[in-house]
Amino acid sequence: MQKDFLEHGLNSNRRRFLSRLSLGLGSAALGSLLVPDLFSGDSSDSGLAPGIPHFAPKAKRVIYLFQNGAPSQLELFDYKPRLREMMGQDLPSSIRGNQRLTGMTANQTAFPMVGSFANFQQHGESRNWISDLLPYTSKVVDDICVIRSLHTEAINHDPALTFFQTGAQQGNRPSMGSWLSYGLGSENKNLPSFTVLLSRGKGNSQGVYSKLWSSGFLESIHQGVQFSSGDDPVLYLKDPDGMNKYERRKFLDQVSQLNQLSYEQFGDPEISTKIQQYEMAYRMQTAVPEIMDLSKEPDDIIKLYGTDAMTPGTFAANCLLARKLSENGVRFVQLYHQGWDHHGNLPNEIASQAKDVDQASAALITDLKQRGLLDETLVIWGGEFGRTNYSQGKWTADNYGRDHHPRCFSIWMAGGGIKPGISYGETDEFGYNVVKDPVHVHDFQATILNRLGLNHEKLIYKHLGRRYRLTDVSGKVINDILV
Amino acid sequence: MKKRIYYFLFLLISVLYTVQSCNYIGDAQSSEEKIPDQVSYNFDIRPIFSDKCFACHGPDANKRQAGLRLDNEESAFKALKENPSGHALVSGKPQLSEVFMRISSKDTSILMPPPSSNLKLNSREIDLIEKWISQGAKYETHWSFTRPKKSPLPKVKDTKWAKNEIDHFILSKMAQKNLEPNKEADKEYLLKRLSLDLTGLPPSIAMMNQFMADKTPGAYEKAVDQLLKSPAYGEKMALHWLDVARYADSHGFQDDSYRSSWPWRDWVINSFNTNLSYDQFITLQLAGDLIPNATKEQILATGFNRNHKITEEGGVVDEEYRVQYVIDRTNTFSKALIGVTLECAQCHDHKYDPFSQKEYYQLYAFFNNVKEVGISSTIGGPETYAKNPMIQISNDEVKNILKFINKQDTNKLIVSVMGDRDTLRKTYILKRGAYDAPGKEVVAGTPKSILAFDNNLPKNRLGLSKWLFDKRNPLTSRVFVNQLWQEIFGRGIVKTAGDMGMQGELPTHPELLDWLAVDFMEHGWDIKRLVKQMVSSATYRQSAVISKDKLKVDPENIFLSRAPRYRIKAELVRDLVLSSSGLLVKTIGGPSVKPYQPSGLWETASSGRGVLRVYRQDHGADLYRRGMYTFVKRTVPPPVMGIFDASNRDQCEIVRLKTNTPLQALIMMNDPTVIEASRVLASKIDVEPLKIQDKVIKAFRLIVCRKPTENEVKILSQYYNDQLVTFKKEQSRADKLLAIGEYPNPEKMNKYSVAAMMQVITALYNLEETITRS
């Protein structure tokens, strides 16, 4: 019943819903929030509906370090010594089965298996195998849970990315961050509940696009807001040259006075909402630049993330920013880091790409932990699919490429109610098929929602006659990795 | 403890909320609303069944539980499969009806819907079903699947109020709620409303003066006719159609490179302006290429069905994408033209509406014979701007026959269009909708529950158009009339304009919708006539003032006892700013343009490939074109448009949301387009030989489209004076503000007074009323 209420209210129209509530409750503040906090229950000063998660949440916020282009699991997390021994041998067709191939390797006459050029070691108390390409990640191995049995349905970037973000390969559906904004609201009155940070890596890139953080059929208030490193961190946030804070205030007072007259004439609640939205915009103008300013971060923090963190727009700077945003109550911080699409020249490219992200990814874990925030922040690291165990095109032991592979790949999750220091799922000795504990993308999504106190089968939105979910029509929570 | 307080608060709020939503029809019927004396299957029962029962006891044969089907009268009364002595429904006897026993049971092991479904019936719903069974459990065909009929005009008390038939229906419904219509809006408001609705542009001062001065009874109609004749009418009408047709300037996937289908868009504008009848408008778009001896224009119209996204991502499986395109066309056809969500039947029989998966693929078959491939080229040069089948349009053709195409250069121009193969491509049911899981073969056909396909018609898109415009087709006219109503009144008579099926909302004024639908057909599908009919009604001409009482009784304005008040569309916000400042370049059509956009958006989100990897902003006249000509790169659509709820043109979109957010406030305050327009208008007004107050009044009239009140003039004049003093003290701020935008400043100007007036004007652009249709 509670969820019915929620769904109903949000569904019919959050804006009108809020204004109606405010009518009921007298002169409670309305529209003064980007998205109300429907989660923490801390609504004492806003007079809004208290949060109604489906059950007690473990995580309050998510930071998703999306590795766009699909990093090779075989060079990073999924140790397959046998592949080296079988170097150059054709992948047995019994293993490949009926797996469809991309147009890039479909016409290859042979599928020569190639082992990883990079070495692996066991680390930490968990004795988890991690590649030498990730020395910093190796040090936080006891804080993370490596899942080696992810699998997906798509074999090309666009549909695979869209599948990860929206639960469907095609279609204009809401992104995961939008779903969380819709389901849980915002913790911070001055910041959007879903923010996006982009960085470009060193290797072969595949584009990212704003449709990936679109709110689909949900209201645009749940759309991801892209924060960028320039002097206008949020679109149109900055006052024009020649306008200052004092004059902006004066300006707003005029506008609001005139809008008030209009309200008296028309009696339309939308007008009061508009007045509040202008106030909110004004507050964002102060709050966002403060958050974006990394210059006041102490030296030890910069050292932790690496000196790249001083350069705006790098992955390291974005990780640090992600921590700040998250710390300030942004529900979902989505990073995208391009450059993992290594069809050829993989050893060189993946080495520099791994170096680009390793230190800052690990630093984020360490930093959250030292602030006591890791327990309530779910951190995710991974791409949209895996890469083949055979080479795309010609190969030598130290130069080869790998094509897209949907049947198995690795990601890691940390904090936010995920068991630390474990690994989950196994692939066969060829690194081609999952042999134990497969995790479908929808299972992964269901698990994320679960950690935030949401039942993926109940977080629904009715649109054009159908009840939509992030997990479409499937998905089960991976209970074995939950704390 | 804390939790308990919140729970209490929650209860309190839900009660308040429920109380307030009592008068709201639609999906929010409260459990306290009175049970009607005569329960109607269509209006009371089917919405419950559809939402809560059909998923397991409906049209989908594969998911059907216990062999019970409740959407179909015959099966619902049959003996139960699992218990042949029992019946789901026994006419007149709820206690003997398994349906009632199950929904009212306290035993969760037999309760329906089962708790595991997360669905629940409230007590009102249970009572309704009980009463319906008591009254005989009479089924009715779904309202939208029966042919619309013109019912006699309802009798109304206040016969003077009605200006045309629409008003009879609206007034009689109002009377049922004891509501009375608002008085007619003041002329200034009325003209702004009319001008925005018909042309998407604010009225000029000359037009305002003319209309205000014209005291003749025909003044309003004259204004309507004048606006309907304006070429901007075609642009305004096209705007909605571009959403429906998912028109964009890029291919849409991955690298998302350029596409040149704008000549199709120019055709749409021209068609509205020449008032092509709706049946022709659609037939050409669906099947122009199949008309014997088709002209170039007729073929161009079929670009409609090629506006979907097309991949250029290397390495994709060709057939996967080709199938995707056919699916897109099928879904667009269903949603846009017959208002049903057939797409649900792509993977399985429809769960709510009587469409089988087979019927989905029968409709799909009409669109499955195109001479196309899934991927014909990856990103490249001009040869990739359209995909086969395509036409080339020469400059000669533009000069002589396709005069509506705004082609200014001599470059090769290609446009994707429809064209069928000589041999029929076989169509199969795709299991689970998967391209690589073909099942049984099917031939082209249409859903029987709507209207069976006449075997005398050719089994191609031309035959499909004939089916669509068969007078017996119950949906075609209703769907378009409803979409147009939505464009004029802000929401459709059926709110879910893309879904008139069983899960869609019910019409708020079913008799009116049907009357208009029949009338539209009877008058040759004449679109301008229909528009005029709507805007001529007394309903339309009411004031938009919302009294406290009306807000309480009818917060959503379902009963239209006042004119709807809502923020104008994204593109029109831009148009209003440019037009009122005098910057608007009124050129119609041509390639889309790239106005100011924050730097780096395309660049950071690009793979680094293709002509659209960098945003090359245009200059000069192209900075001041209407919003509908702003370039839409699908994967990174223009941010201002998105923030004001424009479609991202990913898929066919019938209904845009109307949100009110802080990001919109930031745009109105800081977008260089708004600042520049303020500057340009300020510099013009500044040199006029007028007193400050009169300058303020002039700006106000141009932007807000009415004369300001004394109080408003006072506030704004004071603000002007304050700013004048400030800028004289802080000259560099004035210099900076006056440097925004590329439009040149006059050689000589008083920068302080211009800057001060500029602030006043920016404030005017930021008023809620300015960008609101009220």
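The radius of gyration used here is taken over C-alpha atoms, and the globule rule it is compared with is 2.2 Å times the number of residues to the power 0.38. The model is a predicted one, and for chain B, with its 774 residues, that rule gives a radius near 28 Å for a compact globule, with which the 29 Å of the chain agrees. Taken along the principal axes, the C-alpha atoms of chain B fill a box of roughly 95 × 65 × 65 Å. The secondary structure of chain B comes to 32 helices and six strands, and buried residues make up 53% of the 774 residues in the chain. Among contacts in chain B between residues at least 6 apart in sequence, 69% join residues at least 24 apart.

For chain A the mean pLDDT is 86, with 89% of the residues at 70 or more. In chain A the pLDDT is below 50 over residues 1–34, which have 61 contacts beyond near neighbours in sequence, and it is also below 50 over residues 38–51, where 36 such contacts are found in the model. Where pLDDT is low, the predicted coordinates should not be read in detail. For the model as a whole, the scores are ipTM 0.89 and pTM 0.85.

The two chains meet in an interface in which 82 residues of chain B are in contact with 73 residues of chain A. On the side of chain B, the elements that give two or more residues include helix H1 (2–20), helix H30 (710–729) and helix H32 (751–765) of chain B. By class, the side of chain B that touches chain A has 36 nonpolar, 31 polar and 15 charged residues.

From the interface one may turn to the interior. In soluble globular proteins, nonpolar side chains tend to be buried together. The largest nonpolar core has 313 residues, of which Cys145(A), Met413(A), Ala699(B), Val760(B) and Leu764(B) touch the most other members. The largest share of this core, eleven residues, comes from H32(B). Leaving aside neighbours within four places in sequence, Val760(B) is in contact with Val696(B), Ala699(B), Leu716(B), Tyr719(B) and Tyr720(B). Apart from this core lies another, of 21 residues, among them Ile48(B), Phe49(B), Val99(B) and Phe100(B).

Is Ala322(A), the one to take up first, buried or exposed? Ala322(A) is buried, because 27 other C-beta atoms lie within 10 Å, and 20 or more are what a residue needs to count as buried. This alanine is found in helix H11 (residues 315–327) of chain A. Not counting residues up to four places away in sequence, Ala322(A) touches Ile63(A), Leu197(A), Val333(A), Leu335(A) and Leu364(A). Ala322(A) and Leu65(A) are 257 residues apart in sequence, yet 9.4 Å apart in space, C-alpha to C-alpha.

The other site is Pro406(A), whose place is in the loop between strand E10 (402–405) and strand E11 (409–414) of chain A. Pro406(A) counts as buried because it has 22 C-beta neighbours inside 10 Å. With residues up to four places away in sequence not counted, Pro406(A) touches His151(A), Thr152(A), Glu153(A), Ala154(A), Ile155(A) and Phe385(A). From Pro406(A) to Ala70(A) there are 336 residues in sequence and 9.9 Å in space, C-alpha to C-alpha.

Strand E2 (residues 120–123) of chain A and strand E3 (residues 128–131) of chain A pair in the antiparallel sense over four bridges, and the bridge partner of His123(A) in E3(A) is Asn128(A). Four residues lie between the strands of this hairpin, in which Gly124(A) takes a positive phi near 60 degrees.

Definitions and conventions: Residues numbered from 1 in each chain as written. Chains lettered and ligands numbered in written order. Predicted model: local features only at pLDDT ≥ 70, side-chain atom pairs only at ≥ 80, totals over all residues. Contact = placed C-beta atoms within 7 Å. Nonpolar A, V, L, I, M, F, W, Y, C, P; charged D, E, K, R; others polar. Buried ≥ 20, exposed ≤ 12 C-beta atoms within 10 Å, placed from the backbone. Pairing = 2+ DSSP bridges. Core = buried A, V, L, I, M, F, W, Y, C linked by C-beta atoms within 7 Å. pLDDT = per-residue confidence, 0-100.
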